[in-house]
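Have the viewer open as you read.

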Amino acid sequence: IEIANVMIGEVWICGGQSNMEFRMYQEEGSEKELSEDNDPMLRFYTVPDAGRETEAEEKEQHTIWKALSPNSCADVSAIAYHAGRRLRNILGVPVGMVICCLGGTEIAHWMSRETLASMPEGQEQLAAFARLVDGITEERYEHDTAEYQQQLVNYWRDSERLQTENPGIRPPEIEKRLGPYPWP
């Protein structure tokens, strides 16, 4: 087995909500920076959006690390981009930024059950969730999840198409054309 292009350095997880999801191409005035930046020791991996494990596995087969080169990282998280550049400058070692984010998610979704249970607000979140799922059968859950996943797939497909056809299109314009994001 031959393995090439392996680096040893820092790996940072960039997880969160819409502020982490905000992409470089959405940042006003980023075009010049994106066209000039070149640092093969700074890499980004964006975990693909997926609602089911099988979908995630399929998408991950086609997802690769992106090295920072001119015009290569317009679709990465702006926060991860700037943090990664700063880390490279300060540390002087290879840096990998793993980006896992989904705008509109509640902060509670990014916390462990134990952390939530340790605070009154978290206990309220857990109780509300328990009430929400009380009495829902596995079959109903599977049906509702599959239906919702199809709505997401359609929205993501149409959104990607719009972004391909209209480079630099901003989220408000995407939502104006497609309608609001299909939150559950």
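Start where two strands pair up: Phe-44 has Met-97 in S4 as its bridge partner. (Strands here are DSSP runs of E with at least two residues, helices are runs of H or I with at least four, and both are numbered from the N terminus.) Before going on, a word on the source: this is a predicted model, where local features need pLDDT of at least 70, side-chain atom pairs count only at pLDDT 80 or more, and totals for chains, interfaces and linings use all residues. Residues are numbered from 1 along each chain as its sequence is written, and side-chain values use heavy atoms, with hydrogens and water left out.

**Sheet and core**

S2 and S4 run parallel and are joined by five bridges; strands count as paired if DSSP finds at least two bridges between them. S2 also pairs with strand S3 (residues 66-68), this time antiparallel, through three bridges. Arg-43 sits opposite Ala-67 of S3.

Phe-44 and Met-97 turn up again in the largest nonpolar core, which has 17 residues; along with Val-76, Tyr-81 and Ile-99, they touch the most other members. A nonpolar core here is a set of buried Ala, Val, Leu, Ile, Met, Phe, Trp, Tyr and Cys residues joined through side-chain atoms within 4.5 Å. Buried means under 20% relative accessible area, exposed over 50%, and partly exposed in between (1.4 Å probe, protein chains only). At least two residues of this core come from each of strand S2 (39-46), helix H4 (78-91) and strand S4 (95-101).

Which residues is Val-76 in contact with, leaving aside its neighbours within four places in sequence? They are Phe-22, Arg-23, Met-24, Phe-44, Thr-46, Lys-66, Tyr-81 and Ile-99, with contact meaning heavy atoms within 4.5 Å. Apart from this core lies another, of eight residues, including Tyr-155, Trp-156, Leu-162 and Ile-174.

**Charged pairs**

The whole structure has 10 salt bridges, each a side-chain nitrogen of Lys or Arg within 4 Å of a carboxyl oxygen of Asp or Glu. Here are some of them.

| Salt bridge | N to O distance |
|---|---|
| Lys-66 and Asp-75 | 2.6 Å |
| Arg-140 and Asp-144 | 2.8 Å |
| Arg-161 and Glu-165 | 3.4 Å |

Lys-66 is partly exposed at 26% relative accessibility, and Asp-75 is partly exposed too, at 37%. Asp-144 and Arg-140 are four residues apart in helix H7 (residues 138-165), so about one helical turn separates them. Glu-165 and Arg-161 are likewise four residues apart in H7, about one turn of the helix. An α-helix has 3.6 residues a turn, so residues three or four places apart point the same way. Elsewhere, salt bridges with shared partners link Glu-33, Asp-37 and Arg-85 into one network.

**Helix H6 and its end**

H6 (residues 120-133) has 14 residues and spans 20 Å from first C-alpha to last, close to the 20 Å expected, which is 1.5 Å times one less than its number of residues. Just after H6, Gly-135 has a positive phi of about 85°.

Cys-14 is buried, at 6% relative accessible area. Cys-100 also has the sulfur of Cys-101 as its nearest, at 6.9 Å, and is partly exposed at 28%.

Terms used:
Disulfide = S-S within 2.5 Å.
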